[in-house]
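Please keep the coordinates open beside you as you go.

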Amino acid sequence: MELRDYLKVLRRRWRLIATVVLLAIAASAAATVQMTPKYASTVRLFVSAQSGDTVDAYQGSLLSEQRVASYADIVTGPEIAQRVVDRLDLDESRAALSRQIKAEVAPNTVILRITVIDASPRRAQRLAMAVAAEFTSFVQQLETAPGKKQPPIKASVLGPPETPRNPVEPRPIRNLGIGAVLGLLLGIGMAALRDSLDTSIRRADDLTQLVGAPNLSSMPFDHRAGKRRIITDLDASAPRVEAFRVLRTNLQFTNVDQPSKVFVLTSSVPDEGKTSTACNLAITLAQAGKRVVLVEGDLRRPRIAEYLGLEPAIGLTTVLIGRVALSTALQEWGTPGLSVLTSGQLPPDPAELLQSKAMAGVVDELRRSFDVVLIDSPPLLPVTDGALLAAQAHGALLVVRFGMTTRDQVRGSVERLNSVHARLVGTVLNRCPQRGTAESYGYGYGYQRRTPAITGRSPSPHAKVPSPGGHALDVVGGGRRSKK
């Protein structure tokens, strides 16, 4: 993976990373609130040598510098802690008290800083005074040689410790910062792990290599698609509208010598957008002047009648059982040239009807009457209906949902089509993010003025559109006549 690939992972998984960071910050804040405030009281000691002349003073200064580093270790040792416990008659052990005492030497000096941390500011100051007193006494006893009254080194307290006012722990800003950094690292790690385990389809090139058929179009994601499924509700320059034009163009290049074409639109699993794709593709083909019939072949969960606002009671099943003629069951939609055959009443065994001779006869009759026959079928993996319909068609279009359909599901769908000797003419990658896809570039540039709005009716045969030179152009029967 290159740096660009890692950046793509971060862009795809930014919600996961942001969620982990926020959770880490929240955990740090909760832990900070629950922590007991602690106060620090500091006392300073001056370590000096007792000498008379200049030479002895110089040697004593060197001795003080050598001793002060060792004294910092003695202050935090068990000896001083035990003396303070005995002096103040404390309940805690010397080990616990040792953990509250810190000592450090000021750089290039003989000054020793002793800090005691406690939950009570007054107790911290009291302990600091006791530690300083016991330490000076211990140093005097330790440094006095046998037979001598005065030690060569002494530690002098430079002043009593002050009672602290503000706590030194917890540190909210530091804790939140640490939580944010740890959350960011954890979020990036989780994003990389999830991306490595993610087998969903996210690139059209990967889909093409996987199925061995071209990707005919990549449909951009539209958050309004749930309420505006049909492209006639969108502007002519909308990315989804243009994506269906691309699909229409690419589909027309398949089987160019075939006068009438039958295509089955299917998917691997439910909720990949095959029904909306079938409806909008039928509308787009009809707008191009094709005679199109859209057949509801999903006799388990039919949706075409709902999407297009048609009557579902009389349809394919009614024709298959011989109750009505095919011409009677067909319903005209708003776009000229588009007919729809809805599902009819749902049968108990759809697979038996779809593989019957009556179904083959319906497909043959539609093939002779229309330029394009589009059949919306159930998903391939849950049931066999889609494969049965694909075997009777010139080809199948596999709708794949971006970021949801897995590679294994696509492989299973291709194997299901191959098992019935059906031809996969191409794929449609649905719900692609508009950023970074081909559909997000250039759409709308000039379309709003030069392309009539897509509606259920054909545009007026007499229409005026602006020419590049600023003149009005009359469009009459496909010809143009310049008019100043």
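1. A salt bridge here is a side-chain nitrogen of Lys or Arg within 4 Å of a carboxyl oxygen of Asp or Glu. By that cut-off, R123 and E92 qualify, because their side chains meet with N and O 2.8 Å apart. This pair links distant parts of the chain: R123 sits in helix α6 (residues 121-143), while E92 is in the loop between α4 (78-88) and α5 (94-98), 31 residues apart. R123 is partly exposed, at 28% relative accessibility. Please bear in mind throughout that the model is predicted.

2. For the overall picture, the protein has 18 helices and 15 strands. It has 484 residues, and 44% of them count as buried. Among contacts with a separation of 6 or more, 76% are between residues 24 or more positions apart.

3. How many salt bridges does a search of the whole structure find? The search gives 19. One of them joins the side chains of R13 and D198, at 2.8 Å from N to O.

4. Another pair to look at is R245 with E242, a salt bridge in which the closest N and O atoms are 2.5 Å apart. Both residues are in helix α9 (residues 239-252), three residues apart, and are thus separated by about one helical turn. As background, an α-helix has 3.6 residues a turn, so residues three or four places apart point the same way. R245 is buried, and E242 is buried too. Elsewhere, salt bridges with shared partners join R12, R13, D195, D198 and R202 into one network.

5. Now to the strands. Which residues does strand β11 span, and how many of them are buried? β11 covers residues 395-401, and six of its seven residues are buried. Strand β6 (residues 261-267) pairs with β11 in the parallel sense over five bridges, and V264 stands opposite A396 of β11. β11 also pairs in the parallel sense with strand β12 (residues 424-432), here over six bridges. In that pairing A396 stands opposite L424 of β12. From β11 the chain crosses through helix α17 (residues 407-419) to β12, in a right-handed β-α-β crossover.

6. Helix α8 is worth a look next. Its buried residues are D206, L207 and V211. Viewed down the axis of α8, these buried residues fall within an arc of 115°, so they line one face of the helix. What do they pack against? Their partners are β5 (215-220), β11, α17 and β12. After α8 comes G212, which has a positive phi near 75°.

7. Back in strand β6, please check S267. Is S267 buried or exposed? S267 counts as buried, at 1% relative accessibility. The S267 side chain reaches the backbone oxygen of V269 at 3.0 Å. Neighbours within four places in sequence aside, S267 is in contact with E272, K274, P379, L380, L398 and V399. Of these contacts, L398 and V399 fall within the β11 range of residues 395-401.

8. S64 is placed in helix α3 (residues 54-75) and is buried, with a relative accessible area of 3%. Which residues does S64 touch, not counting those up to four places away in sequence? S64 touches V47, S48, A49, V110 and I153. The C-alpha atoms of S64 and T109 are separated by 9.3 Å, and the two residues are 45 residues apart along the chain.

Key: Residues numbered from 1 in each chain as written. Predicted model: local features only at pLDDT ≥ 70, side-chain atom pairs only at ≥ 80, totals over all residues. Heavy atoms only, no water. Helix = DSSP H or I, 4+ residues; strand = E, 2+ residues; numbered from the N terminus. Buried < 20%, exposed > 50% of the residue type's maximum accessible area, 1.4 Å probe, protein only. Pairing = 2+ DSSP bridges. Right-handed = clockwise from strand over helix to strand, strands pointing away. Arc of directions from axis to C-beta. Contact = heavy atoms within 4.5 Å. Polar contact = N/O pair within 3.5 Å; in protein donor to acceptor, adjacent residues only side chain to side chain.
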